[in-house]
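Please take a look at the structure shown here.

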Amino acid sequence: MKRLASGAAVVLLAVALGGCRGSDTETGESGVKTDVGVTAEPCPEAVNKDKGCIYLGIISDLTEGPFRALAVPITDAQKAFWKRVNSNGGIGDYEVDVTKYVRDNKYNPQVTNQVYQEIKPNILALAQTLGSPTTAAILPDMKASNVVGSPAAWTSAYAFEDVIIESGANYCIESMNALDYANEVYKPKKVMAVHLAGDYGDDAAAGAKLASEKLGFEFADVKTDTGTDKQAGAVGAILQQQPDVVILTTGPADAAAVIGGAAARGFKGRFIGTSPTWNPALLQSPAGPALTALYEQSGPWGSWGTDSPGHKAMRDALPGKTPSDGYTSGWVWSYPVKAALEKAVANGDLTRAGVVAAVKQLSSVDYEGMLPAGAGNFAGGPGGTFKQTQISKVDATAPTGVTKVRDMFEGPTAKAFTLDKPCFEQL
Amino acid sequence: MSSFVEGFLRGIGVGSVYALLALGFVIIYKATRVISFAQPALMLAGVVLVSHLAVPLGFWGALPVAALLTALLGLGIERGAVRPMIGRPAFVVAIITLGVDVAIRVVVNIFIGLDVRNVHDPWGLGTLVIGDVHIEHRHIAAFLCAAVLVAGLFAFFRFTRMGLAMRAAADDQEAALAQGVSVGAVFALSWALAGALAAVGGTFAAAGGSFDGTLWLTALVALPVIILGGLDSLPGAVVGGLAVGVAQELVATYQNHTPWLGGNVSVITPYVLMLLVLLVRPYGLFGTREVERV
């Protein structure tokens with residue numbers, strides 16, 4: 001028995017020491033401190049073999065989840081983004097690899113945690129963690145392990161997390177801006193939020209509710225579910241209550257079922273959907289005419305065809321790709337990661353803790369014009385939340401089926417709003 | 001009143017789709033005593049085939065071809081994954097079908113691509129208006145198509161030799177085998193029929209809108225339908241499908257008056273209805289009561 005106990009103790013000690021192995025700090029030739037996910041050896045697809053490698057993980061919805069149509073181009077754009085960074089000299093004495101630790105989360109929180117634990121010992125940070133519920137599943141561990149991540153999601157809760165480096169206005173602010181725009185253009189009296197449950201839909205609906213209270217609109221909150229066969233309740237609510245404007249936060253097929261179903265039964269009000277509600281192929285669906293007539297899109301940045309140096313660099317880096325704003329998002333989300341790594345290298349501390357410290361020092365990020373100056377103020381905490389939104393309309397001739405009708409703007413409601421807790425808690 | 005009639009008729013249309021999907025489950029269960037969890041994947045495969053074939057063949061050309069190809073896929077699953085498991089517990093085979101479902105959906109998702117797709121159906125969002133009542137063309141078409149297919153199936157089981165063989169095998173496999181019925185052929189035909197029905201049902205589920213990889217979730221509603229109707233009853237699948245469709249759409253019509261029930265409560269209606277029926281009739285509305293000696 002005694003022998004068994006001492007054997008177990010030895011095994012436990014070995015496991016504990018093994019666990020610590022990843023966090024040993026080293027100092028490279030250039031004097032930059034490193035620990036996990038950074039090697040002196042070159043990246044597998046190195047441009048310059050003399051440089052070391054920073055490994056970033058990607059956890060995305062790549063095969064069978066509901067956001068695969070966006071996740072695949074997001075991931076491709078991020079690979080292209082970092083290839084461009086490496087071709088332009090990398091980050092200090094390092095290049096960046098985002099190809100070795102790419103994992104599929106199937107948009108499932110349990111799977112996300114499983115694959116995160118699998119790649120965690122080998123990565124410095126996450127170039128992408130897709131989805132709000134999935135990211136929530138690994139967030140406590142990310143905080144405990146100082147793993148910085150760029151989320152492919154826009155929930156307002158991220159403003160309160162040091163390890164999350166989000167880009168663009170969150171869903172809550174976006175809905176406020178959408179209603180400020182609607183107030184100006186359509187003069188609504190009744191507003192309805194039709195949304196999925198969870199902090200994607202709830203966050204947008206909370207923004208619509210807070211804006212409605214401020215602007216004096218009658219507000220109705222209608223929850224729906226994923227699946228075109230599950231939209232009858234939402235369509236029924238729209239037809240019964242006849243709102244002037246509907247703020248929509250669903251997937252694209254669901255959005256078409258709601259808009260097409262309501263329009264087919266005579267509804268003439270307006271719909272403003274967040275960017276994940278749109279897919280250009282909807283124009284070929286039976287709901288195409290209804291979408292063209294009634295739908296506009298609120299978005300956190302300009303779409304694929306926008307004229308900015310960043311957009312142009314993205315298009316040049318992705319030749320032959322069918323335009324999709326999944327690419328645009330993946331590209332934009334990479335800039336703050338790049339800025340954080342550059343800052344960490346400049347500070348001489350490329351450890352995980354060093355990257356977290358570098359994020360807190362970023363008062364702005366250069367998005368090469370894809371977002372205006374002032375975006376990416378992580379030093380400002382929740383007070384530094386970026387609050388601008390673009391509104392687009394359906395345009396069959398545009399590369400992604402939408403063109404802007406209102407350039408990036410911060411509406412009066414969002415401007416006056418203080419983000420002191422996640423919006424979805426106020427729904 | 002018009003919203004009640006609209007909800008009811010919409011429910012008949014949606015319920016017809018559920019009935020077609022449920023019939024596939026029941027046909028396989030009757031023949032093999034296995035609940036096939038591969039039906040959602042067969043449905044998705046059929047719909048994706050229609051969406052691709054409709055461009056060169058048109059919708060009416062694509063639908064039968066896709067149904068035939070999905071039937072062949074069903075046949076392939078039976079030959080490749082199910083037949084080697086004959087003699088094993090039904091539970092093991094059911095779990096294998098679960099794995100087959102995931103594998104097929106991953107492959108089918110590649111053919112869906114990154115954009116939403118549509119089946120190019122001729123109905124779109126067109127409606128027939130009678131007085132104040134709007135009835136969508138696709139729901140009328142789903143009901144008519146289901147009626148024709150169900151009538152054809154019942155005639156097949158009643159009047160053909162193979163139909164008789166399938167009924168015999170469903171009643172008692174060993175006795176049927178002793179009488180010269182090819183039970184293997186019965187198994188194969190069951191899977192093929194279930195595949196074809198899944199393709200047609202799925203196509204009507206996708207008609208009038210767009211679909212993506214999440215469409216497979218629709219087929220899961222067939223599970224409460226078959227439990228409600230009776231696992232081994234073809235009429236039960238039809239009545240159960242229509243009942244679930246009507247209940248779901250009527251709840252969707254009126255759920256806004258009961259916000260205290262939570263959001264979109266119509267989604268759980270099939271399961272609530274199933275539980276209520278099982279409380280009164282544990283073997284479903286038309287299921288065979290099993291007698292066990294203890």
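Predicted model: local features only at pLDDT ≥ 70, side-chain atom pairs only at ≥ 80, totals over all residues.

Start with chain B. Its secondary structure comes to eleven helices and two strands. Read from the N terminus, the order is α-α-α-α-β-β-α-α-α-α-α-α-α. The radius of gyration of chain B is 19 Å, and the globule rule gives 19 Å for 294 residues, so chain B is as compact as a globular protein of that length. Its C-alpha trace spans about 60 × 50 × 35 Å along the principal axes.

How much of chain B is buried? Buried residues make up 54% of its 294 residues. Now look at the contacts in chain B with a separation of 6 or more. Of these, 75% are between residues 24 or more positions apart.

Next, turn to the record. An unreviewed UniProt entry places the feature "transmembrane region" at several stretches of chain B, among them residues 12-29 and 140-160. The record also lists residues 59-77, 89-112, 181-207, 236-254 and 260-280 of chain B. How do two of these stretches look in the model? Residues 12-29 of chain B are 100% helix and 0% strand. The C-alpha atoms at the ends of residues 12-29 lie 25 Å apart. Residues 140-160 of chain B are 95% helix, again with 0% strand. Here the end C-alpha atoms are 29 Å apart.

One residue is worth a stop. Met162(B) sits in helix α6 of chain B, which covers residues 161-171. Is Met162(B) buried, exposed or partly exposed? Met162(B) counts as partly exposed because it has 14 C-beta neighbours inside 10 Å.

Now follow a pair of helices in chain B. Helix α3 covers residues 59-82, and helix α8 covers residues 183-206. Their axes come within 7 Å and cross at roughly 140 degrees. α3(B) and α8(B) are therefore oblique to each other. The crossing is right-handed. From α3(B) they include Leu63(B), Ala66(B), Gly74(B) and Arg79(B). From α8(B) they include Phe187(B), Trp191(B), Gly195(B) and Thr203(B).

An unreviewed UniProt entry gives the annotation "domain: Leucine-binding protein" to residues 54-378 of chain A. In the model, this span is 45% helix and 17% strand. Its end C-alpha atoms lie 22 Å apart.

Chain A has a helix pair to examine too. Helix α2 of chain A runs over residues 68-87, and helix α11 of chain A over residues 325-347. The two axes come within 7 Å. They cross at roughly 45 degrees, and α2(A) and α11(A) are therefore oblique to each other. α2(A) passes α11(A) in a right-handed crossing. Among the residues of α2(A) that take part are Leu70(A), Pro73(A), Phe81(A) and Trp82(A). On α11(A), the residues they meet include Tyr327(A), Trp331(A) and Lys338(A).

Last comes the meeting of the chains. How many residues of chain A are in contact with chain B? The count is 37 in chain A, touching 34 in chain B. On the chain A side, the elements that give two or more residues are α2, β10 (218-224), α7 (232-241) and α8 (252-264). Of these, α8(A) gives the most, with six residues.

How values were computed. Residues numbered from 1 in each chain as written. Chains lettered and ligands numbered in written order. Helix = DSSP H or I, 4+ residues; strand = E, 2+ residues; numbered from the N terminus. Buried ≥ 20, exposed ≤ 12 C-beta atoms within 10 Å, placed from the backbone. UniProt positions renumbered as here; feature names shortened; annotations may be inferred. Rg over C-alpha atoms; globule rule 2.2 N^0.38 Å. Contact = placed C-beta atoms within 7 Å. Axes fitted to C-alpha atoms, helices over the stretch in contact; angles between N-to-C directions. Parallel < 35°, antiparallel > 145°, perpendicular 65-115°, else oblique. Left-handed = near helix turned anticlockwise from the far one by under 90°.
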